[in-house]
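Try each task before you read its solution.

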Amino acid sequence: MLKIGVPSKGRLQELTFQWFGNHGVTMRQTGNDREYSGAVDGIDGVELVLLSAGEIPRELSAGRIHLGVTGTDLIRDKLADWDRQVTSLAPLGFGHADLIIAVPAVWIDVDTVDDLDAAASAFRAAHGFRLRIATKYHRLVRDFLTAQGVADYQLVDSQGATEGTIRNLTAEAVADITSSGETLRANHLKILSDALILQSQAELFLSRQADWDAATRSTLTDLLRRLSLPVPAL
Amino acid sequence: MTTKSAIRAQAETLFAAFRAAGAVPVDADILLPAETLLDLYGEDIRARAYVTSDPLRGEMMLRPDFTVPVVQAHMAHGADPARYCYMGEVFRKQDHLGPRASEYLQVGFEVFDRAAPELADAQVFALFARLLSDLTLRPATGDIGILMAAVRGLSTTDRRKAALLRHIWRPKRFRALLDRFAGRAPMPEARITLLDRLAQDTPEALIAAAGTFTGLRAPEEIAARAAALIEDSATAPIAAPEAALLYDLLSLEAPAQAALTHLRGITPLLPAIAPAVERFATRLEALNANGIDTMTLPFQASHGRTSLEYYDGFVFSFHAADPTLPPVASGGRYDALTAVLGQGRSIPAVGGVIRPGLVTALRGG
């Protein structure tokens, strides 16, 4: 069986089902709408696995699913050497979000990464600890700031309501995904002009670790033909 | 296949050689408090070291190197002068699939001595060169002290010098700052806009106009940096000839004696580097006296700037022919680190480590 992991609920699941539906592959949740079981119609040998979007990268990496739908941000943040573990088959055109760095709007002296670095230096001297940036995207943000040569900062973990950490005085800046920027503005924050860390959207990924036997390969070829996608080398 | 026991035997041999050179063996914990390392190396170390948590002691790190615990032990209760050697595993998280080891043995040698730092530099290098002499490794050397002296000697504001010194170990940002201070890079658009607005209003008024105040960074801190930006915008660029010398120094790469001749040639134009250049000359004499041919010894003024270390003087490494292998040995001088960890006290210090696993592999063991 070719296992395909898709988000287990919400708007992301709805849009995923719609995208496959538009390509003649019908996905549906079976049982009642709280039961995490699903089915794929119109093609044999495909099993639907409903998972939290955040767990799909790990399942792809482990090879427990052959294909999976999740965000670019989650793949690149959670998987080291992501492009050797998974192959992106197609961007799906929804779930768009930018990973950015934001600071209080009243920081009139900070507009770029260069400013943030200088502010971090002065902040550490004044407060005795490194300037705190709240995020859940530790790898992406750290890699970005390392590449930019930023010093005197620390990442503090925030798994939700990240914009609130500044008001609560548990962080000075945030690195988070945003689509419209409304939550940032509502929390009196502004986006640094040159700190677009990643543009993310939902993508269909293929696991390079999964067991690709003759049967699953043939199912993959069949599925990708319906989706009008080229078959990658395995 | 190189076995663990062969590597350990190799490590023991190197360890014995360091003891024979007068070093006292020291032990270090494997679990180190993460905070000390994070405050020293910054967040970057998280990408390289394994972080774990202790229910009572908080975040801990699996020893990524011996320098910090050895310096701490010395600053707490060391003799003066002192020579130490150590042997043990270090742990480095690898973010890429590949052959790089995430756990390997290091054997190290450190000298804490106020008397003759350049002689100590030469002795450490010569000892490493001798122990590795059968492997035909390519040595690399540098001297971060010359670069730091050049920055300190620039005719510009202390603020600009401090900004450059802070980023000596981050070449990309250093270069960006230097380009801006030298007038070679345009001022960012946002900065021009801000300076225009600051010309018409006080920082306090602009802060008030920017909306609801939030966060720990106080209005005074924001205003202080705004004032610094105004001051900086009125500062003349670093004079072109002086900037050219610094760019020249950053890319200086030559055999050590030729590099010395070159540095002596530019010293009259950049007199602040004179003491550092003379220290370099003294070190080369000491290296010659210790059997190192400085006519051929490679020198690179920027060597060691990306090593995630706080080397601030002599730096060296030994490389195998295979460029994909990490250095077989590396080390340098870290006087400033002893001041950071010494709570007010400091002592000149130089040392280095050898990876017995690589030595064994190169010997075909």
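Two strands count as paired if DSSP finds at least two bridges between them. Helices (H or I, at least four residues) and strands (E, at least two) are DSSP runs, numbered from the N terminus. What you're looking at is a predicted model: local features need pLDDT of at least 70, side-chain atom pairs count only at pLDDT 80 or more, and totals for chains, interfaces and linings use all residues. Residues are numbered from 1 along each chain as its sequence is written, with chains lettered from A and ligands numbered from 1 in the order in which they are written.

**Exercise 1. Work out how the three-stranded sheet of chain B is put together.**

Step 1: Get the order. The strands of this open sheet run 2-4-3, with antiparallel pairing.

Step 2: Find the edges. Strand 2 (31-33) and strand 3 (51-54) of chain B each pair on one side only.

Step 3: Look at one pair. Strand 3 of chain B is joined to strand 4 (residues 58-62) of chain B by four bridges. Within that pair, B:Asp54 sits opposite B:Gly58.

Step 4: Axes here are lines fitted to C-alpha atoms, for helices over the stretch in contact, and angles run from 0 to 180 degrees between N-to-C directions.

**Exercise 2. How do helix 5 and helix 13 of chain B pack, and which residues meet?**

Step 1: Take the geometry. Helix 5 (residues 144-152) and helix 13 (residues 274-289) of chain B pack at about 165°, with axes 8 Å apart.

Step 2: Name the arrangement. The two helices are therefore roughly antiparallel; angles under 35 degrees count as roughly parallel, over 145 as roughly antiparallel, 65 to 115 as roughly perpendicular and the rest as oblique.

Step 3: List the residues. B:Gly145, B:Ile146 and B:Ala149 of helix 5 meet B:Pro275, B:Ala276, B:Val277, B:Arg279 and B:Phe280 of helix 13. Contact means C-beta atoms, placed from the backbone, within 7 Å.

Step 4: Sort them. You get six nonpolar, one polar and one charged. Ala, Val, Leu, Ile, Met, Phe, Trp, Tyr, Cys and Pro count as nonpolar, Asp, Glu, Lys and Arg as charged, and the others, Gly among them, as polar.

**Exercise 3. Describe the side of chain B that touches chain A.**

Step 1: Count. 33 residues of chain B contact 33 residues of chain A.

Step 2: Find the helices. Helix 7 (171-181), helix 8 (189-200), helix 9 (203-209) and helix 10 (219-233) of chain B each supply at least two residues. Helix 10 gives the most, with five residues.

Step 3: Sort by class: 15 nonpolar, seven polar and 11 charged on the chain B side.

Technical notes. Contact = placed C-beta atoms within 7 Å.
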